[in-house]
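This briefing is intended for a reader who has the sequence and the model at hand. Please keep both in view while working through the topics below.

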Amino acid sequence: MTSRRERLGIVQVRRFALAGVLLCGCGKSDQQPEGAPSGERTKEPVPEVPKDAPTGPFAAFDFDAAEASWQGSWVLEGEVAGKQVAWMIDGSSLVEFDGTTERKLEFSLYSPCQITYTDVEEGVTGYKSFVFVRDTLHAGLGSSGTVAGDAVIVCDGGKTYVLDAAGACLAWTERFDDWKSEPATCSVAGEGDARKFVVEGHEIAFLDDASLGTAQMKNNVAIKHANFAAAKAALASASEPAGTDAL
């Protein structure tokens, strides 16, 4: 059992130790040590860059015109390769019919070569690459791209590549509509029908002067119909087994 004098000595030692900690802290800088957790700010934040901002990655792309081209009723490739669905798009409202059931989704033009469709109730967003070759829409699995102003923009491997007229290539990624870039290696090679976009060992062919797509994307032709009922009827007809009419 400690005496009163011993207890006072312990208290004094603790006080001196605390004072030493406070004095040592006075000279510390505000910089975080190397390897600090990513959630801690180590420098001033970079302003967010929306996709269609004048300083954004796709400033030359006409989002309004592309979104207008998507409006209406379509039969196109669904989430499963080789299985088609019917879509009706009205503004940002999207209704999908898979041949059995309908579901309501939210449509958005994500980038010059991808759209998103979101199940708001489930909190799930899907992505679909696309390209318009003149008036024909190609949409589904595969890489695609377009020419906007002097830039070639390609969606490939989860990134959006932008190659400018000077030959500088950037790979853009997005989080909560904040687009960030990093240097990448991409180029345009070949002439005429052999012209192609080369990135990370992949080749995406030019389908015309302003459109690009892999062979897989080229085969994913979306068919537009007069209305949703016509699209659903076309989907049902395409789903019928061969030889049904002869029965």
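The model is predicted. Its protein chain contains four helices and 17 strands. Of the 247 residues in the chain, 34% count as buried. Among contacts in the chain with a separation of 6 or more, 44% are between residues 24 or more positions apart.

**Salt bridges**

- The structure holds seven salt bridges, including those described here.
- Glu 102 and Lys 232 are joined through their side chains by a salt bridge, with an N to O distance of 2.9 Å. Glu 102 belongs to strand 4 (residues 102-111) and Lys 232 to helix 4 (residues 228-239), so this pair ties together parts that lie 130 residues apart in sequence.
- Glu 102 is partly exposed at a relative accessible area of 46%, and Lys 232 is likewise classed as partly exposed, at 24%.
- Lys 180 pairs with Asp 178 in a salt bridge whose closest N and O atoms are 2.5 Å apart. Lys 180 is partly exposed, with a relative accessible area of 31%, whereas Asp 178 is buried, at 16%.
- A network of salt bridges links Glu 79, Glu 96 and Arg 103.

**The Arg 134 and Asp 208 pair**

- The side chains of Arg 134 and Asp 208 form a salt bridge with an N to O distance of 3.9 Å. The cut-off for a salt bridge is 4 Å, so a pair at this distance is counted.
- Arg 134 sits in the loop between strand 6 (124-133) and strand 7 (136-140), while Asp 208 sits in the loop between strand 15 (202-206) and strand 16 (211-213); the pair therefore ties together parts 74 residues apart in sequence.
- Arg 134 is exposed, with a relative accessible area of 67%. Asp 208, in contrast, counts as buried at 15% relative accessibility.
- The phi angle of Arg 134 is near 55°, a positive value in a residue other than glycine.
- A polar atom of the Asp 208 side chain lies 2.9 Å from the backbone nitrogen of Ala 210. A polar atom of that side chain also lies 2.7 Å from the backbone nitrogen of Ser 211.
- When residues up to four places away in sequence are not counted, Asp 208 touches Val 133 and Arg 134.

- Glu 200 is not a glycine, yet its phi is positive, at about 50°.
- Glu 200 is located in the loop between strand 14 (196-199) and strand 15. This residue is exposed, with a relative accessible area of 52%.

**Thr 173 and its surroundings**

- Thr 173 is part of strand 11 (residues 169-175) and counts as partly exposed at 38% relative accessibility.
- Leaving aside neighbours within four places in sequence, Thr 173 is in contact with Gly 158, Lys 159, Asp 178, Trp 179 and Lys 180. Among these contacts are Asp 178 and Lys 180, which form a salt bridge with each other.
- Thr 173 and Pro 57 are 116 residues apart along the chain, and their C-alpha atoms are separated by 10.0 Å.

**The largest pocket**

- The volume of the largest pocket is about 180 Å³.
- Its lining is made up of Lys 51, Ser 108, Leu 109, Tyr 110, Thr 116, Thr 125, Tyr 127, Glu 174, Phe 176, Asp 177 and Trp 179. Strand 4 and strand 6 are the elements that give two or more residues to this lining.
- Strand 4 provides the largest share of the lining, three residues.
- By residue class, the lining of the largest pocket consists of five nonpolar, three polar and three charged residues.

Key:
Residues numbered from 1 in each chain as written. Predicted model: local features only at pLDDT ≥ 70, side-chain atom pairs only at ≥ 80, totals over all residues. Heavy atoms only, no water. Buried < 20%, exposed > 50% of the residue type's maximum accessible area, 1.4 Å probe, protein only. 1 Å grid on protein atoms, 1.4 Å probe; cavity = no way out; pocket = protein on both sides within 12 Å on 5 of 7 lines; lining within 4 Å. Points joined across faces, edges and corners; volume = space filled by probe spheres on them. Nonpolar A, V, L, I, M, F, W, Y, C, P; charged D, E, K, R; others polar. Polar contact = N/O pair within 3.5 Å; in protein donor to acceptor, adjacent residues only side chain to side chain. Contact = heavy atoms within 4.5 Å.
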